[in-house]
Amino acid sequence: MARQKLPPTQTLTMKIDDVDVTAKPGQTIKDVARDHDIIIPGLCYLDGLSIWGGCRLCLVEVEGMNKLLASCSTEVAEGMVVHTDSPKLRAYRKVVIEMLFAERNHVCSVCVSNGGCELQDMAVELGVDHVHLPYMDPDVNLDSSNDRFRLDHNRCIMCTRCVRVCGEIEGAFTKGIGGRGIDVRIINDLNMPWGESQTCTSCGKCVHVCPTGALVEKGTAAAEMDKRRAFLPYLTIMREAQR
Amino acid sequence: MSDKKKPVTIATVWLDGCSGCHMSFLDLDERLVEIAPLIEMVYSPVVDSKEIPKGTDVGIIEGAISNEDDRAKALKMRAACGFLISLGDCAVTGNVPSMRNVFDQKECFDRSYHENAQLQPMDPTVCVPPLLDKVLPVHQVVDVDLYVPGCPPPADAIYYVLSELLAGRQPDPLLLTRFGK
Amino acid sequence: MTPEELIQIAEERRGQQAAVGKRINVCAAASCMSRHSDKIAEEMSSHAESLGDKAEGVEVRCVGCMGLCSAGPLVEVDHPADEAAGNDAPKTMYRGVSMDDADRIVEAAAGGTTVEQLVQPTDIPYFSRQKRIVTENSGYIDPESIEDYIAADGYSGLVTALTEMSPNDVLHEVTISGLRGRGGGGFPTGLKWSTVAKTDADKKYVVCNADEGDPGAFMDRAVLESDPHRIIEGMTIAGYAVGASKAYIYVRAEYPLAIARLKKAIRQAQKYELLGTNLCDTPFNFEIELRLGAGAFVCGEETALIASIEGRRGVPRPRPPFPASYGLYGKPTLINNVETLATIPWIVRNGGDALASIGTAKSKGTKVFALAGKIVNNGLIEVPMGISLREIVYDIGDGIPDGGTFKAVQTGGPSGGCVPGNLLDMPVDYESLQEAGTIMGSGGMIIMDEASNMVDVARFFMEFCKDESCGKCTPCRVGTAQMLDLLEKLCAKSATEKDLELLKELCDVVKACSLCGLGQTAPNPVLSTLRYFEDEYMGSLVGGVSGDGRPVPDVETKAGAPDRIER
């Protein structure tokens with residue numbers, strides 16, 4: 001007689017930073033850590049959006065793996081032993097933050113998002129008090145063609161939250177990615193001025209999910225742009241409930 | 001308390017910046033009185049001395065390195081001071097002065113001395129130190145021992161940094177300030 | 001298609017071939033074609049026709065790559081009828097054949113003589129030291145003729161697998177063959193196949209990664225152009241083994257000849273019912289579609305390749321999940337490189353043991369390499385694993401031209417590294433190369449002589465990685481650009497020791513933190529040149545001198561680009 005199939009395991013146990021924790025199959029390392037009040041840094045991740053895995057700040061060490069893994073995208077497994085805050089990880093995260101500062105022209109003091117910027121906060125959290133990499137000073141422009149919003153590539157860190165919220169939540173698919181490598185840029189439609197976009201609904205979600213001053217409301221002066229990111233998880237939950 | 005401690009000697013320079021960091025220093029207000037007996041300002045825009053004395057304990061640099069004069073002063077400060085502090089965003093990141101880095105020098109000169117000139121548009125040639133190609137943060141030119149970002153760093157942060165250093169402890173300026181603060 | 005039908009087609013074709021008295025085989029792969037071998041073949045045909053009776057029994061045909069690309073266009077004259085009759089029938093290879101030579105080669109072949117000035121000796125190590133499995137038909141069959149392929153035992157592996165073996169039998173043979181991924185990673189192929197086979201899903205896919213993009217590498221191109229049916233057979237066997245019914249060949253658009261031949265091959269295979277539904281009267285269905293890459297190196301990375309096939313922007317995503325469980329359209333997907341799949345028909349025909357008997361303990365079989373750079377015999381070679389680098393460079397490759405001295409060989413393209421002269425006796429296998437700080441890679445081998453500046457070599461590859469970075473992850477996007485700036489500073493001799501320290505630090509960060517293989521391996525050329533040629537880096541600093549006082553070569557010589565075309 002064939003052996004009866006056992007029901008799939010409902011919970012699994014693992015270790016995060018020397019703490020024994022339980023998790024549900026399918027959860028990511030980042031989720032499980034957060035359930036246990038261990039906050040792993042990150043910039044591209046945002047509750048309510050799909051996983052991107054590009055900023056590399058949430059990398060963690062998993063014992064038995066020879067590579068660092070992005071905790072936002074890696075699902076937990078039984079017996080997994082995770083370290084989220086080793087000196088090595090801290091050092092790597094610092095350089096990654098420095099890379100973001102060095103890549104484009106983040107002049108915090110004159111940025112409208114000064115004080116409301118996740119990149120700034122992350123720098124403080126990770127102890128980045130200066131950037132030891134050479135600043136790259138790229139000549140990048142900004143797009144003020146939209147009536148209400150402005151896209152300033154100088155401040156963009158390519159987290160692609162705007163691209164994801166535009167496609168996944170608003171369904172407009174206005175925001176996209178153009179170019180590649182160091183020349184990669186957020187684009188509108190087929191790389192046209194934002195103001196000429198036929199698809200943009202001017203909903204402003206992209207502005208509010210943007211972690212920096214790359215997407216802002218017009219008419220704000222330095223340090224005046226206040227972002228309200230909390231709307232997104234509620235929106236997602238409500239939509240799922242409706243479904 | 002008969003054998004009074006020798007006061008800590010401090011030199012400060014103002015390179016390419018708005019002097020706001022020095023202003024913020026003066027914003028220590030009455031706390032200046034508290035600190036004054038412990039320190040001696042041996043060189044600074046706010047005191048009248050012509051040379052940075054060799055063997056100065058602490059050097060504080062405000063402003064970015066934008067021209068040959070800035071560079072020479074930074075090198076002098078590094079040579080003269082035992083402990084060098086990069087004070088404020090211009091010194092730490094290049095900040096507003098470095099916004100010219102995306103333009104070439106000619107564009108900057110044309111804009112400043114021709115397009116915006118009301119009288120006798122001409123490039124300055126005498127008594128002006130030559131500009132560097134790129135505005136650099138201080139640590140790209142000389143080694144820096146402590147970074148105090150902020151635009152300007154709040155007086156509280158400066159007070160904290162100085163009092164910790166005077167007490168012989170290593171301060172963590174990010175507790176009170178950050179880029180752009 | 002039944003086994004009997006296949007044998008019938010093969011015998012028919014062999015019979016036709018055996019009736020040919022003198023056959024002139026002209027290489028019609030990209031390298032020789034770039035020197036108009038196709039026009040030469042046309043001229044030969046029309047001249048043979050114009051000679052009428054005098055050239056009776058002379059057939060001119062196009063074949064795939066003969067390997068020795070630097071001596072191209074290559075032409076070989078053979079005598080199938082004599083061979084079939086067991087008579088002594090020496091073949092003659094001609095090198096550097098031009099339009100002007102076409103007529104006299106035809107006349108010589110017709111008259112049973114040779115054109116002495118053009119003869120390329122074939123008793124040299126270049127030919128004798130090779131062991132040809134993947135390229136066994138390359139240069140011997142007409143790539144555009146399915147009958148030629150079948151006559152050379154083609155598709156017999158597939159028909160055997162379908163009619164006599166279970167999918168598990170096929171998996172078993174592939175597993176015991178010890179075959180490892182030839183695209184660069186060296187992951188055990190049998191294990192990959194088993195993983196896909198064991199994953200339950202309503203649909204599975206097989207993908208052939210033909211997005212060969214390493215600078216100086218042209219192995220896959222040669223296989224695709226010379227023996228396209230081999231890939232189709234390999235993929236179909238793979239599909240049978242893992243339970244997939246649909247496959248894609250992701251080939252770069254820069255390979256138009258390979259694309260044309262693949263398209264033709266797919267049509268021919270469909271016609272013979274070697275692709276389609278109920279193959280060999282079994283319930284097994286299999287179809288293959290072509291997808292063209294639009295010129296992004298990163299699309300050779302499997303998750304980026306999948307995104308590109310799906311019609312999305314070709315950027316990688318974090319793994320796990322691996323494509324074997326979550327791949328194309330979210331289904332289990334087997335992705336293999338061209339060369340890996342091209343080995344499969346041979347394994348099924350000859351058994352896994354046969355492949356396992358070639359090579360070293362952990363690296364089995366043969367590997368195709370593209371020899372390029374400062375070496376006499378530029379071209380394609382297939383050698384058993386474990387052969388020494390010295391044999392490849394000095395015997396097969398015939399050493400450095402113009403009396404130059406060997407300095408280093410670069411393997412693995414932008415993900416690999418350089419092996420210096422004192423390691424030339426090292427065996428070529430996955431582990432040894434890795435120990436030496438480089439990788440097997442897909443098979444590009446760029447040989448450099450003393451005139452090459454190793455910092456510039458590193459700069460060249462870093463520029464490539466910077467240009468090809470997709471920009472998704474921070475370390476690769478920013479790190480490669482920053483490292484390139486530092487290497488350029490070094491090449492301009494304006495870098496300081498601090499810059500060198502920063503370069504080393506960035507190498508570490510980019511390697512550890514990047515999302516995909518491109519970024520994780522981008523620092524390798526720097527790390528390996530630093531390991532073996534640190535004195536050149538020191539000599540490139542402001543006011544620096546190299547360790548032994550030897551002047552650091554100028555950076556004018558562009559590394560890797562063969563700057564001369566032979567004869």
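**Sheet, core and contacts in a predicted model**

Guide: In this predicted model, strands E6-E7-E10 of chain A, in that order, form an open three-stranded sheet with antiparallel pairing.

Visitor: What makes E6 and E10 of chain A edge strands?

Guide: Strand E6 (142–143) and strand E10 (215–217) of chain A each pair on one side only.

Visitor: How do you know that strand E7 of chain A and E10(A) pair?

Guide: Pairing requires at least two bridges between the strands. Strand E7 (residues 149–152) of chain A and E10(A) have three bridges, in the antiparallel sense, so the two strands count as paired. Leu151(A) has Leu215(A) in E10(A) as its bridge partner.

Visitor: Which residues have the most contacts inside the largest nonpolar core?

Guide: They are Val26(C) and Val207(C), in a core of 252 residues. Leaving aside residues up to four places away in sequence, Val207(C) touches Ala247(C), Tyr248(C), Tyr250(C), Leu305(C), Leu328(C), Thr333(C), Leu334(C) and Ile335(C). Another core, of 37 residues, lies apart from it and includes Ile10(B) and Met77(B).

Visitor: What makes up the side of domain 2 of chain C that touches domain 3 of chain C?

Guide: In chain C, 15 residues of domain 2 (154–356) are in contact with 19 residues of domain 3. The domain 2 side comprises five nonpolar, five polar and five charged residues. The centres of these two domains, taken over C-alpha atoms, are 27 Å apart.

Note on methods:
Residues numbered from 1 in each chain as written. Chains lettered and ligands numbered in written order. Predicted model: local features only at pLDDT ≥ 70, side-chain atom pairs only at ≥ 80, totals over all residues. Core = buried A, V, L, I, M, F, W, Y, C linked by C-beta atoms within 7 Å. Buried ≥ 20, exposed ≤ 12 C-beta atoms within 10 Å, placed from the backbone. Contact = placed C-beta atoms within 7 Å. Domains from an automatic or database assignment. Nonpolar A, V, L, I, M, F, W, Y, C, P; charged D, E, K, R; others polar. Helix = DSSP H or I, 4+ residues; strand = E, 2+ residues; numbered from the N terminus.
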